[in-house]
Amino acid sequence: MALRPIDNALPTTTPERPKKQPKIAVATQKQQDRAAVVNGENQVPLPSSGDATVDYVSSDNLKPLSDPEVQIQSLIEDLNSKNWTKVCESLNNARRFAVFHSPLLFPILGSIVLVVTKTMKNPRSALCKTAIMAAADIFNAFGDKLLDPETSDAFDGLLLQLLLKASQDKRFVCEEADRALSSMVSSMTPLPLLQKLRVYVSHKNLRVRAKAAVSLSNCVSKMGLEEMEHFGLAELIEVAADLLNDRLPEARDAARSIATDVYEALTKDAEQKMELWQSFCQSKLPPIHALSMLKIVKP
């Protein structure tokens, strides 16, 4: 007897179970807003290939402002703009004020230095370099006025940032910072600047030490014996002896320059120059350091 097919019989093959689809995380608007805060939507964005190019204007090619009395009123606000191209433009305006309208800039000099220092820390190289160029123009315009009590603290922060930028791997930023440090040394009285730089030749960062040593050496080269004595001849030769053992050749070269300048100032009117130099070094330094100083100077 033939069997009848049963419609509701179980299938002979088991159907495949559906594969699990990978979960796709969809950020909510709240999460996106939180991410924007974390990433710093108020910060100047990092550079990208689509950014507008920046023209770096040399100091010689700057032009006077058309209406400086009006423009000075919004300068600080413009320097704090969230639009990085506007900040670059405002930095160049600050440079123009320094070069052509310095009396208008002087009453807010401390605030300007603080903003320039802050902008120098920006990761965008265009802003950083333009801020360094602004620092150089400010040095040339105001010189020792930056060491006044009202601006001294702001200057300290600016000096540290320049030393840090001069120690960077980005060559064009480093070279610009070196030029700014040279402008600083050439525009200021060496003795008070030397006292500011003295702290940084003992900095834990060996590149900062080297850059500070170069600036300090350039200051010493501008000083006569009287100024050196005011600072302290013993302290100068001790600084030179310490830097002579530094790991970087830039610092060691600065040490030799300092020692040579001290020798020339100390023995200028002496008949027995080497005898005086030897006596001085041996009285101020440990024997091994004194010997190193004696080897630097050739009679």
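This is a predicted model: local features need pLDDT of at least 70, side-chain atom pairs count only at pLDDT 80 or more; totals for chains, interfaces and linings use all residues.
Residues are numbered from 1 along each chain as its sequence is written, and side-chain values use heavy atoms, with hydrogens and water left out.

**Helix 4**
- Helix 4 covers residues 84-100; helices are DSSP runs of H or I with at least four residues, numbered from the N terminus.
- Its buried residues (under 20% relative accessible area, 1.4 Å probe, protein chains only) include W84, L91 and F97.
- Among the elements covering them are helix 6 (109-120) and helix 7 (125-142).

**Aromatic rings**
- The structure holds 4 aromatic pairs, meaning Phe, Tyr or Trp rings (six-membered ring for Trp) with centres within 6.5 Å.
- F106 and F142 have ring centres 6.1 Å apart and planes at 25°, so they are stacked (planes under 30 degrees apart).
- F106 is in the loop between helix 5 and helix 6 and F142 is in helix 7, so this pair joins parts 36 residues apart in sequence.
- The charged end of K145 sits over the ring of F106, 5.3 Å from its centre; this requires NZ of Lys or CZ of Arg within 6 Å of the ring centre and within 35 degrees of the ring normal.
- Y263, W277 and F280 form a cluster through ring pairs.

**Cysteines and a serine**
- The whole structure has 0 disulfides (cysteine sulfur atoms within 2.5 Å).
- C88 is buried at 6% relative accessibility, and C174 is buried at 13%.
- S217, in helix 11, is buried at 5%.

How values were computed:
Helices (H or I, at least four residues) and strands (E, at least two) are DSSP runs, numbered from the N terminus. The expected span of a helix is 1.5 Å times one less than its number of residues. Buried means under 20% relative accessible area, exposed over 50%, partly exposed in between (1.4 Å probe, protein chains only). Contact means heavy atoms within 4.5 Å. Rings of Phe, Tyr and Trp (its six-membered ring) pair if their centres lie within 6.5 Å; planes under 30 degrees apart count as stacked, over 60 as edge-to-face and the rest as tilted.
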